[in-house]
Amino acid sequence: QGQLVESGGGLVQAGESLTLSCAASGLSISDYNMDWIRQAPGKQRELVARSSADGYIYHADSVQGRFSISRDNAKNTVNLQMSMLKPEDTAVYSCAAHSRFSAAAEYDYRGQGTQVTVSS
């Protein structure tokens with residue numbers, strides 16, 4: 001059974017940087033589109049960034065120019081570099097995987113998440 005484990009969250013001040021990491025086991029991320037998603041209390045889940053299996057990269061408008069997703073298929077990891085953090089970036093950040101071979105809408109795997117808190 002596959003598993004995704006996030007790390008790197010924490011409490012930072014506005015304007016600072018953090019890098020989140022997602023380590024996959026029991027699956028090869030080269031066969032998966034990998035997403036970073038976030039959810040803040042009282043808000044809907046938001047897709048922050050995507051690294052697709054075929055090399056397509058997407059960043060939400062709200063983080064464009066500040067966040068950067070990257071993957072290392074050899075290490076089976078996906079990172080999210082976050083800079084110029086804002087209080088509105090405060091949320092639980094999760095890593096999620098969707099098989100490139102699947103037509104299902106739901107993620108195949110999703111991690112437990114890591115808390116990012118940005119103070120003003």
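Are Asp89 and Arg38 buried or exposed? Asp89 is buried, and Arg38 is buried too. Here, buried means under 20% relative accessible area, exposed means over 50%, and partly exposed lies in between (1.4 Å probe, protein chains only).

This is a predicted model, in which local features need pLDDT of at least 70, side-chain atom pairs count only at pLDDT 80 or more, and totals for chains, interfaces and linings use all residues. Residues are numbered from 1 along each chain as its sequence is written, and side-chain values use heavy atoms, with hydrogens and water left out.

**Salt bridges**

Side chains of opposite charge can pair when their charged atoms come close. A salt bridge is a side-chain nitrogen of Lys or Arg within 4 Å of a carboxyl oxygen of Asp or Glu. By this rule the model has 4 salt bridges. The table lists some of them.

| Pair | N to O distance |
|---|---|
| Asp35 and Arg50 | 2.7 Å |
| Asp89 and Arg38 | 3.0 Å |
| Asp89 and Arg66 | 2.7 Å |

Take Asp35 and Arg50, which form a salt bridge. This pair links distant parts of the chain, with Asp35 in strand 4 and Arg50 in strand 5 (residues 46-51), 15 residues apart. Strands (E, at least two residues) are DSSP runs, numbered from the N terminus. Asp35 counts as buried because its relative accessibility is 2%. Arg50 has a relative accessible area of 30%, so Arg50 is partly exposed.

Now Asp89 and Arg38, which also meet in a salt bridge. Asp89 sits in the loop between strand 8 (77-82) and strand 9 (91-99), while Arg38 is in strand 4, 51 residues apart. Strand 4 covers residues 32-39. Arg38 is buried because its relative accessible area is 7%.

Asp89 meets Arg66 in a salt bridge as well. Arg66 lies in the loop between strand 6 (57-59) and strand 7 (67-72), 23 residues from Asp89. Both Asp89 and Arg66 are buried. Salt bridges that share partners join Arg38, Glu46, Arg66 and Asp89 into one network.

Arg38 has polar contacts too. A polar contact is a pair of N or O atoms within 3.5 Å; within protein, one must be able to donate a hydrogen and the other to accept it, and residues adjacent in sequence count only if both atoms are side-chain atoms. The side chain of Arg38 makes one with the side chain of Glu46, at 2.8 Å.

**The largest pocket**

A pocket is an open set of points on a 1 Å grid over the protein atoms alone, where a 1.4 Å probe fits, with protein on both sides within 12 Å along at least five of seven lines. The largest pocket has a volume of about 170 Å³. Its lining has 13 residues, and Arg38, Lys43, Glu46, Glu88 and Asp89 lie nearest its centre. Lining residues have an atom within 4 Å of a point.

Glu6 lies in strand 1 (residues 3-7). Glu6 is buried yet has no salt bridge. The nearest side chain of opposite charge, Arg110, is 6.6 Å away. The Glu6 side chain does reach backbone nitrogens: that of Cys95 at 2.8 Å, and that of Gly113 at 2.9 Å.

Ile29 lies in the loop between strand 3 (18-25) and strand 4. Ile29 counts as buried because its relative accessibility is 0%.

Key:
Points joined across faces, edges and corners; volume = space filled by probe spheres on them. Helix = DSSP H or I, 4+ residues; strand = E, 2+ residues; numbered from the N terminus. Lys, Arg positive; Asp, Glu negative; His and termini not counted.
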